[in-house]
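Me: Hey, can you walk me through this one? I'm new to reading structures.
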Amino acid sequence: LRPPPPPPPPPLRTSRSQLQKQKAAMQYRVDVIHWTHNIRKQEKLLSDATQKVELNARNLNDCEREQRRAQTALSTTDRSIKNLKRKLKVVDNLRQQTSASLMKSRKLLHKAKERGGVRVIDVSGSSGSDE
């Protein structure tokens, strides 16, 4: 029995096709490293962009909520203005009626004075003198 023969020694010169294969394998490893780096860079950019989108979404929600509050306040203010205008009309009508009534009373008082003998009654309840 003989032991198995030792493996053949490596060739002293590497063939051209083997050199090309080794070069291609090394280039592939370098490419994989670059691709991995680029993928990580893209993942970071995507993560940053996602955070910005989420922040913008929260800001948009806040703005929409604030807009709804402002719209509600505006509606309330509009109703208040309408109510105040309605009350102002009532007050203006009362003022006009009071003014007309006062003018009428003055005319009647003036006519009565011209005819003579107007008796003025004090509001406190005591009677005044004849004029």
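Me: Is Trp35 buried or exposed, or something in between?
Reply: Trp35 is partly exposed, at a relative accessible area of 46%. Buried means under 20%, exposed over 50%, and partly exposed in between, with a 1.4 Å probe and protein chains only. This is a predicted model: local features need pLDDT of at least 70, side-chain atom pairs count only at pLDDT 80 or more, and totals for chains, interfaces and linings use all residues. Residues are numbered from 1 along each chain as its sequence is written, and side-chain values use heavy atoms, leaving out hydrogens and water.
Me: Ok, where does Trp35 sit?
Reply: In helix H1, residues 16-115. Helices are DSSP runs of H or I with at least four residues, numbered from the N terminus.
Me: How many aromatic pairs are there?
Reply: The count is 1. Tyr28 and Trp35 have ring centres 6.1 Å apart and planes at 80 degrees, so they pair edge-to-face. The rule wants centres within 6.5 Å; planes under 30 degrees apart are stacked, over 60 edge-to-face, the rest tilted, and Trp uses its six-membered ring.
Me: And Tyr28, buried or exposed?
Reply: Exposed, with a relative accessible area of 52%.
Me: New topic: how many salt bridges?
Reply: The whole structure has 4. That means a side-chain nitrogen of Lys or Arg within 4 Å of a carboxyl oxygen of Asp or Glu. One of them joins Asp48 and Lys44, with the closest N and O atoms 2.9 Å apart.
Me: Why can those two line up?
Reply: Asp48 and Lys44 are 4 residues apart in helix H1, so about one helical turn separates them.
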